[in-house]
Amino acid sequence: MREVEKRYGALRALAGVSLAVRQGEFFGLLGPNGAGKTTLISVIAGLARADAGSVAVMGADVSADYRRARRMLGVVPQELVFDPFFSVRETLRLQSGYFGIRRNDAWIDEVMHHLDLDAKADANMRSLSGGMKRRVLVAQALVHKPPVIVLDEPTAGVDVELRQDLWQFVRRLNRDGHTIVLTTHYLEEAEVQCERIAMLKAGRIVALDTTENLLASFTGPHPGDLEDVFLQLMRKH
Amino acid sequence: MTGFATLFAKEVLRFWKVAFQTVGGPVLAALLYLIIFAQALGANARVFDGVPYTAFLVPGLVMMSVLQNAFANSSSSLIQSKVTGNLVFVLLAPISHFEFFAAYVLASAVRGLVVGLGVLAVTAWFVELRVAAPLWALAFAVLGSTLLGVLGLLAGLWAEKFDQIAAFQNFLILPLTMLSGVFYSIQSLPAAWQAVSHFNPFFFMIDGFRYGFFGASDTAPATSLAVVAVSLALASALALRLLRNGYKIRT
């Protein structure tokens, strides 16, 4: 993304963000509430339109070539949203269809299996627990086998078991070549999972480096602690 | 095409899964109107020459149900998806604004027509109906349900809360349908009210549909069809423009 700007009235949600995530990378996007993380993801996903600048996913412009760009992307939204009219399997079949894929049951079964959703395949979405709904959101983002997966705070309010399952599954996807973009407030998660990290504050990138370099470049009361680096950076800018 | 076909199928499934409420309910309501109006007013009402009031009433009730339910489908689906946030699944997909429009509107037309057929099937037992010009009836049913599907889409896009949709429905759609000549011929109105009726697009849809049954109408069917077609073209152009700009759905 090049020089991306986004305003909501007087608020400058993104103030000229330039960023390149490499193919196959596990990339973290950190920042306090209101820093612009979700706006940034919304612009990449086409849910919001940039006022200036350009964004491309694997070479496809998110505005001019939106169909190709959206096929490349699998987005797991932050909110626990679902359609109460359908079962888990119906939800995944519909999502496949939206992406132009008709007979996708073999892959849908595989995704459900990896996310431990087999037993709930025919259950209505309404009847699922929060954790199960979160798993379905992840499955929905994967039905079209996107090369780039965006996870917007995927572990917010999630129990330990699901968190571990989720990370195991996402790491596997990353090993298989999927690019992962992650936003989270849990800095220890970012520290463990991400190769590179961008820190956002008030719509600007205030740090962008490998996790290793970020940890090494700041000294504080707890050297090598990403939370400490984060707090120092946020105070500085 | 698969994206459009899936969204269309989803919108149809959505009302069909709760058909008791979305089809059965309106059919029962229309039946109650028929019984009450035909029994209580039937003897006094004066409509087309040689057409009994109950027979006159049936096509009006069918078309009223078609229109109200086509509107209800797109408007309620869209506002529910917006409020609960699950519209995001469609917005993330490579579906064009035209496919989005066509899927929502056609599914609404299907609901309107299914309810209309249901009302016709139930009410036709009470009267001897002839269908003088079936193609006219079909044309008005299809264009009318499509137009109300588009209006429902516009309302769903504009509204941010359920009560705004309810206001649209109660203060615009309901009065316009009730005052469109479902229950009376506008020939029985004073001249001033007859003139006012001609500003109500719903009047032309009901009147034109009725022509398909009796071969008689208050206005020439070609004129009515032109009014409906122009209204549909204008509403569609507006809806497509709003969808292309992501009005209230993409920030």
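This is a predicted model: local features need pLDDT of at least 70, side-chain atom pairs count only at pLDDT 80 or more; totals for chains, interfaces and linings use all residues.
Figure 1. Chain A contains nine helices and 11 strands. Its radius of gyration is 18 Å, close to the 18 Å that the globule rule gives for 237 residues, so chain A is as compact as a globular protein of that length. The C-alpha trace of chain A spans about 50 × 40 × 30 Å along its principal axes. Of the 237 residues in chain A, 43% are buried. Among the contacts in chain A with a separation of 6 or more, 66% are made by residues 24 or more positions apart.

**Figure 2. The open sheet β2-β1-β4 of chain A****.** Three strands of chain A make up this open sheet, and their pairing is antiparallel. Strands β2 (11-17) and β4 (52-54) of chain A stand at the edges; each has a single partner strand, so one side of each is left without a neighbour in the sheet. From one strand to the next, the twist averages 25°. Helix α1 of chain A, residues 37-45, lies across β1 and β2 of chain A and runs at about 65° to β2(A).

**Figure 3. Strand β1 of chain A and its pairing with β2(A) and β4(A)****.** Strand β1(A), residues 2-8, pairs with β2(A) in the antiparallel sense over five bridges. With β4(A), strand β1(A) is joined by two bridges, and these strands also run antiparallel. E5(A) can be followed in both pairings: its bridge partner in β2(A) is A15(A), and in β4(A) it stands opposite A52(A). Strands β1(A) and β2(A) form a hairpin with two residues between them. In the turn of this hairpin, G9(A) has a positive phi of about 60°.

**Figure 4. Strand β10 of chain A and its pairing with β3(A) and β11(A)****.** Strand β10(A), residues 196-201, runs parallel to strand β3(A), residues 26-30, and four bridges join them. Strand β10(A) is also joined by six bridges to strand β11(A), residues 204-210, and this pair runs antiparallel. M199(A) of β10(A) takes part in both pairings: M199(A) is the bridge partner of L30(A), and M199(A) stands opposite A207(A) in β11(A). The hairpin of β10(A) and β11(A) has two residues between the strands. A202(A) in this hairpin takes a positive phi near 45°.

**Figure 5. Helix α3 of chain B****.** This helix covers residues 53-84 of chain B and has 32 residues. From its first C-alpha to its last, α3(B) reaches 45 Å, close to the 46 Å expected at 1.5 Å a residue. The helix is mostly covered, with 27 of its 32 residues buried. G85(B) follows α3(B) and has a positive phi, near 90°.

Figure 6. The 14 residues of α9(B) should span 20 Å at 1.5 Å a residue, and the end C-alpha atoms are 20 Å apart, which agrees. Because 13 of its 14 residues are buried, α9(B) is largely enclosed by the rest of the structure. F213(B) is buried, with 23 other C-beta atoms within 10 Å. Leaving aside neighbours within four places in sequence, F213(B) is in contact with P59(B), L129(B), R130(B), V131(B), A132(B) and A137(B). F213(B) and P175(B) are 38 residues apart in sequence, and their C-alpha atoms are 24 Å apart in space. G215(B) follows α9(B) and has a positive phi, near 65°.

**Figure 7. The side of chain B that touches chain A****.** In this view, 21 residues of chain B are in contact with 24 residues of chain A. Helices α1 (2-16) and α4 (88-91) of chain B are the elements that give two or more residues to the side of chain B that touches chain A. The most is given by α1(B), with six residues. By residue class, this side of chain B divides into nine nonpolar, eight polar and four charged residues.

Note on methods. Residues are numbered from 1 along each chain as its sequence is written. Chains are lettered from A and ligands numbered from 1 in the order in which they are written. The expected span of a helix is 1.5 Å times one less than its number of residues. A residue is buried if 20 or more other C-beta atoms lie within 10 Å of its own, exposed if 12 or fewer, and partly exposed in between; C-beta atoms are placed from the backbone. Two residues are in contact if their C-beta atoms, placed from the backbone, lie within 7 Å. Ala, Val, Leu, Ile, Met, Phe, Trp, Tyr, Cys and Pro count as nonpolar, Asp, Glu, Lys and Arg as charged, and the others, Gly among them, as polar. Two strands pair if DSSP finds at least two bridges between them. Axes are lines fitted to C-alpha atoms, for helices over the stretch in contact, and angles run from 0 to 180 degrees between N-to-C directions. The radius of gyration is taken over C-alpha atoms; the globule rule is 2.2 Å times the number of residues to the power 0.38.
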